[in-house]
Amino acid sequence: MTDTIEEAPASIGQPKRRKEDARLLMGETEWTDNIQLPGTLHMAFLRSSIAHAKILRIDTSAAKLAEGVVHVYTGEDFPGQPGSTCVWPVTADIVMTHYPAICTDEVRYGGDVVAVVLATERYLAADALDLIDVDYEPLPAVVDMEEALKEGSPLVHESAGTNRCYTHNMPCGDYEAAKAKADVVVSRRFINQRLIPSPMETRAVVAAPQGMADEITLWTSTQIPHVLRVLLALLTGIPENQIRVVAPDVGGGFGGKLQISREEVLALILAKRLGRPVKWSETRSENMVAMHHGRDQIQDIEIAATKDGKLLGMKVDLLADMGAYLQIITPGTPLLGMFMYSGIYKMEALDFTCTGVYTNKTTTDAYRGAGRPESTFAIERIMDELAAELGMEPMELRKLNWVKHEEFPFTNVAGLTYDTGNYEAATERALELFGYDELRAEQAARRAAGDPVQLGIGISTFTEMCGLAPSRTLGALNYVAGGWEHCTLRVLPTGKVELVTGTAPHGQGHATVWSQIAADVIGVPFEDIEVIYGDTGRAPYGMDTYGSRSLAVGGQAIKVAGERLVEKARIIAAHQLEVSPEDIEFNKGVYSVKGDPEKSNTIQGIAFAAFTAHNLPPGVEPTLHGEATVDPIDFSYPHGTHLAAMEVDTETGKVTLRKYVAVDDCGIQINPMIVEGQVHGGLAQGIAQAMYEGALYDNDGNLLTASMGEYLLPSSADLPSFITDRTVTPSTTHPLGTKGIGEAGAIASTPAIINGVVDAIRHLGVNDVLMPASPQNVWRAIQAAQNGGAA
Amino acid sequence: MMHISATVNGTHRMGEVEPRLLLVHWLRENLGLVGTPIGCDTSNCGACTVLLDGQSVKSCNMLAVQADGSNITTIQGLGPEGEMGTIQKAFKECHGLQCGYCTPGMVTAAADLLAENPDPTEEEIREGLHGNLCRCTGYHNIVKSVQLAAAEMRGAK
Ligand code: FES
Ligand code: FES
C-alpha cells in the first residue's frame, strides 16, 4: 500500500466548525435525563425547608403506602454513610465534618436531605414527599460570617465547638516593612457575593446494574467521571473495578458539576442493593439550593505604595463562607487565588490570610474561575482606588507597576513563575478598539455638563493561572490527587482514528479541538478522528475538566501520544521500505525514504500492516497506537486587558453596559472560533456577577433567590455584543504554546464593570458599589456618599 | 386518564394521559422525543420551547391535554428529515451553541421570531429571544446565528 493522501492544510489555528454541533442541533442528544431503562425506580428527595433544626421524628408511614411507592428511606437506613467528601484539607488543623448521605438528627441548611422516596413513576415519587411528616425543633441559624466567628455564636456543627473551619496564612516578603516605607496606604472591604452556578442542564443521575459481571453503571451529569469513580468507590465500599461512570452529554457545568454528591452516592448504593435502575432528575428549584454555590467572600484588602505610585505591598484578609459542609474542594477554592493577589504587578510583599467559616447555608465550592475571580477583583479594584487616592490615571498606575514583556519569565511575590506575557501589547490593542481617549473626553464633557447619566471607564488588566496542575505542586498544597492527563491514539486497520482522552467536556468542543491537534501531529484527516471521552469504561484514565486544564494539560497528552504513535509507525515503515528509521521522513501522514520520495507509505497503510502483523520488524508489537500520560511542568498564565464603558443614571441608579472590549492572550489558539466563544461565555458570567446575580439569604437562613424567577440570570436582552480580540504570546510551559481560556472572561470582567460604575460616580463621593450593581445598590451608594462620606 | 391526539413532527400520535401530565413530559417520556429538554420548573428558561400550530410555546408550561388536536413541531422535526434546516446550519456556522442544552429551545424560538420578522435588528433579536436562557455563549454568537439565518432565508425567497 503506497497510496498517498492529499496534503492536508494544517488544522491547528483554523476556526473549524464543531463536530459536536449537528447532533446537538437536531436534538439527537444523550442527556442523562433521556435515559429510560426498564424497571427504573424514580428517586425523589425530601429536603429541609429550614436552615437549622433538630429532627425530632420522621413519619414515613403514609408515604410508604402511597401509589407507586416502593421504598422510603431515612438517615437511619444509612448510618454513618457519607454523602460527599472533601479531598483538600488545606491545613493540618482544619475542622473537618461529616456530610451525611441522609441527615439523621439535625439539618444544617435549607435543602439538606431528610428522606428519600423510590417510586415507579417520577410524578408519584414527588407526590409521596408531601406525605412524609417531619417534626423539627428549630435551632438558631448561623448566617453571617462575622457573627459566626464571635464567642457564643450558635454552632453549625455542635461537636466541632467552633464555626471556624480553618485559617490559612501565607506571608510572602515582609508586608509590615513594605508598609513602613509607604507614603500611601489604601484599604477597602470588598464583598464577593454568593453566586449560583446554574448550568442550563440541572443534575441528573441514573444508576443501573448492567454490563458484565458485577458491574454497575452510573450515568451522571458531571464534569469529573474519573475522579468521581474513585471517590464513589471510597465512599460506598463498592469495588472501583465494578463501577463504571459515564458522563453522557452534559449541559454545562461551570464548576457546579465538579462534585461528588449525595444524590450520586445514594443512586449507586440503592441500585446495587435493589438490583434495578434508580434515576433522579433534579428540578431547577432543587438545583438552586442543592447544587453547590460559588464565591461568597468578604475581602479586607490593603495596598501600600509610594507617592509616585510604585507598589510596595499588599495585605489580604479573607473570610470565606464554606456553607454547612465541606465538599470536594470547598476549603481550597478560595486558596486557588492565593498566589494571584498581586495580579500582573511587581511588589515586595504580600500577606495573605484566609479564614473559612461554617454557616447554615448551601455549601460553596468551585464556580467558573474558583478563587481567581476573587483575587483579580481585589487587585483590580484596589488599583483603581489607589489611583484615585494618588490622583493618577488608573491605566498609568498599572503601566508603572506591571511586569514588562522583557522581564519574563517573572517570579511573582507569591513565588509563581509567569512564563510569558505581553501586557503592553494587549493593552495597546484594547485601548485602540475601545476608543479610550474619546471616551475619556466624553466622560469629562458629561461631568462638566452635570449630565444625570454619567459615564465611567472600567479597566481590568489581569492574569490568571490555569492548567491544574503539576502533581507535585498539588501534593505540596495537601490536595489528595494529581493533575496529569491521559491520551490514547489508535489508528485502526481501516485507517480511521480513535482518540481517547481523559478530559470530560460539557460544551467546550473537545471533539473538534482534539481532532485538530491529532490531525496535525499524526497527519490524518480531521474528519477521520473520533474522540472518545466521558466514560470510564471506554476512556479509563483521566483527571477530567475544570480549571481551564483540558487543553493546557490534556492537549499535551495528545501531542505526546501522537508523537509516540508516529515513531512506532516510522520503525514499521523503515522495515517495509528496507531502510533504517533515520532514513525515513514523516510529513503529513506520509513516510518516505529521504532522497527517494517515490518509496513511501501512509500512516493508514502502516496501521493495516501493524494489524495483519505479517511483516513487522523484530521486537515490534502488532497494532498502531500511542499512549501518553503527561504531568504538566508548570501552570500557564493567560492574561489580557478588558475595558468597559458604563453609563450610570445618577438619579435612578440604573447601570448600562455600553461597550465592552476584551483583548485576551491565551497563547497559540488551536481553534480561534472556540476561543472566542469561551471568552463570550465567561464575560457573560463575570458581567452577571457585577450587574445581575446574587444569592440572598434572610436572617433565618432561607434562600430568598431560590428560583429562576428571583435569581437573575441574564438573558439576551440584558447583555450587549462584545468586542474581542487576541494577542498571541506563546506559553513556554506547554509544548503547543497554548494556555487556558475557559475562565478568563469570568475572571477579568467583574472588576472591569465595577471599576467602570465607580468611575462614573466617583465625583459624587462614591468609592465602592456592592455587587450586583443593581439600581438599588447603586442608588444607595450614591445616597450614602452624599449623606456624609463614602460608603 | 384522558385521551390526547396530536400531529407531532408530521406524524399522528395519540395516547391516554393523566390530566396533570405536562406536555414536555408527554413528548419526552411517552413519545420518546427527548430532543426537547427541560431546564426549569418556573417557565423561565425556554429550553423546552416547541412550535404549537406554528407558535413557539414553552412545553413545560402546558398540560399535554391542552395540546389535544394541535400540530406540534419539536427540534427533531424542525429541519428536513435527517438534516439541519437553515437556522440550525447558521447556529453551527456562527458557533451559536456550546453545551447545546438551550439550543433546541433557542433554535425553535428563533424560527418563530423569523417567521414573524424576517429582517430583525440586533435589538429585536435580543428582545425576541429574551425568554430563552443560555449559560454558555453570552448570546453574542446566538445573535449572529439568527442574523445569518435571517439573511439566508431572505436570500432563498
Ligand atoms: S423548562 Fe420550560 S421554560 Fe424552563
Ligand atoms: S449552549 Fe449551553 S446553555 Fe446555551
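Buried area is the accessible area that two parts lose on being put together, summed over both. The views below show a predicted model.

**View 1. The interface of chain B and chain A.** Between these two chains, about 4,500 Å² is buried, and carbon and sulfur atoms contribute 54% of that area. The contact involves 48 residues of chain B and 56 residues of chain A.

View 2. Five salt bridges link the two chains. One pairs Arg20(B) with Asp127(A), whose closest N and O atoms lie 2.6 Å apart.

**View 3. The side of chain B that touches chain A.** Two or more residues each are given by helix 1 (23-30), helix 2 (86-93), helix 3 (103-116), helix 4 (122-128) and helix 5 (140-156) of chain B. Helix 2 of chain B provides the largest share, four residues. By class, this side has 19 nonpolar, 17 polar and twelve charged residues.

**View 4. Domain 1 (2-77) and domain 2 (86-154) of chain B.** The centres of the two domains, taken over C-alpha atoms, are 21 Å apart. Domain 1 brings 16 residues to the contact and domain 2 brings twelve. Together they bury about 1,100 Å², with 55% on carbon and sulfur atoms.

**View 5. Polar features between the domains of chain B.** Zero salt bridges are counted between domain 1 and domain 2 of chain B, whereas six residue pairs are in polar contact, both residues at pLDDT 80 or more. On the side of domain 1 that touches domain 2, strand 3 (49-52) and strand 4 (55-58) of chain B each supply at least two residues. That side comprises seven nonpolar, eight polar and one charged residues.

Technical notes:
Residues are numbered from 1 along each chain as its sequence is written. Chains are lettered from A and ligands numbered from 1 in the order in which they are written. This is a predicted model: local features need pLDDT of at least 70, side-chain atom pairs count only at pLDDT 80 or more; totals for chains, interfaces and linings use all residues. Side-chain values use heavy atoms; hydrogens and water are left out. Contact means heavy atoms within 4.5 Å. Buried area is the accessible area (1.4 Å probe) that two parts lose on being put together, summed over both. A salt bridge is a side-chain nitrogen of Lys or Arg within 4 Å of a carboxyl oxygen of Asp or Glu. Ala, Val, Leu, Ile, Met, Phe, Trp, Tyr, Cys and Pro count as nonpolar, Asp, Glu, Lys and Arg as charged, and the others, Gly among them, as polar. Domain bounds come from an automatic or database domain assignment. A polar contact is a pair of N or O atoms within 3.5 Å; within protein, one must be able to donate a hydrogen and the other to accept it, and residues adjacent in sequence count only if both atoms are side-chain atoms.
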